Amino acid sequence: MRKKSFPSAELDHSLQMGQQSLLKAGALQDAIFTSANFSSIATDAQGVIQIFNVGAERMLGYEAADVVDKITPADISDPQEVIVRAKALSDELGTPITPGFEALVFKVIARHRGYL
């Protein structure tokens with residue numbers, strides 16, 4: 001089977017359009033991440049904070065250097081609220097939910113795995 005060849009001008013244009021799209025997406029992502037008006041927090045699969053932007057620092061009063069790769073969102077949440085959330089989920093779902101990170105993400109994970 002013969003490969004389709006593209007005229008170099010068409011290929012150059014496609015590459016330029018792809019690069020422009022990547023630059024725009026990167027600029028938007030950077031604007032959101034560096035914005036003090038939006039809190040952006042992300043964790044790894046174990047719940048350890050990996051992203052903690054300027055907005056999260058401002059809104060929550062923690063420095064990114066103090067939380068990234070060190071703690072979970074449960075560690076910076078009101079302990080009583082996490083306990084109440086775990087109890088409510090346990091009652092609702094009929095299964096024990098441990099206060100902590102699990103209480104914050106249990107429903108999302110259960111839905112993702114098809115349990116709910």
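**Figure 1. Helices α4 and α5 cross in this predicted model.** The axes of helix α4 (residues 79-93) and helix α5 come within 8 Å of each other and cross at roughly 40°. Axes here are lines fitted to C-alpha atoms, for helices over the stretch in contact, with angles running from 0 to 180 degrees between N-to-C directions. The crossing of α4 and α5 is left-handed, a term used if the near helix is turned anticlockwise from the far one by less than a right angle. Helix α4 contributes Val82, Arg85, Ala86, Leu89, Glu92 and Leu93 to the contact, and α5 contributes Ala103, Leu104, Phe106 and Lys107; contact means heavy atoms within 4.5 Å. Sorted by class, the contact of α4 with α5 has seven nonpolar, three charged and no polar residues. Ala, Val, Leu, Ile, Met, Phe, Trp, Tyr, Cys and Pro count as nonpolar, Asp, Glu, Lys and Arg as charged, and the others, Gly among them, as polar.

**Figure 2. Lys107 is a residue of helix α5.** Helix α5 spans residues 101-112. Is Lys107 buried or exposed? Lys107 counts as buried because its relative accessible area is 19%, where buried means under 20%, exposed over 50% and partly exposed in between (1.4 Å probe, protein chains only). Apart from residues up to four places away in sequence, Lys107 touches Arg85, Leu89, Glu92 and Leu116.

**Figure 3. The largest nonpolar core has seven residues.** Ile49, Phe52, Ala56, Ala64, Val67, Ile71 and Ile76 form this core. The elements giving two or more residues to the core are β2 (49-52) and α3 (64-67). A nonpolar core is a set of buried Ala, Val, Leu, Ile, Met, Phe, Trp, Tyr and Cys residues joined through side-chain atoms within 4.5 Å. A second, separate core of five residues includes Ala86, Leu89, Ile97 and Ala103.

**Figure 4. Val67 has contacts beyond its sequence neighbours.** With neighbours within four places in sequence left aside, Val67 is in contact with Ile49, Phe52, Tyr62 and Ile76.

**Figure 5. The protein comprises five helices and two strands.** From the N terminus on, the order of elements is α-β-β-α-α-α-α. Helices (H or I, at least four residues) and strands (E, at least two) are DSSP runs, numbered from the N terminus. Of the 116 residues, 22% count as buried.

**Notes.** Residues are numbered from 1 along each chain as its sequence is written, and side-chain values use heavy atoms, with hydrogens and water left out. In this predicted model, local features need pLDDT of at least 70, side-chain atom pairs count only at pLDDT 80 or more, and totals for chains, interfaces and linings use all residues.
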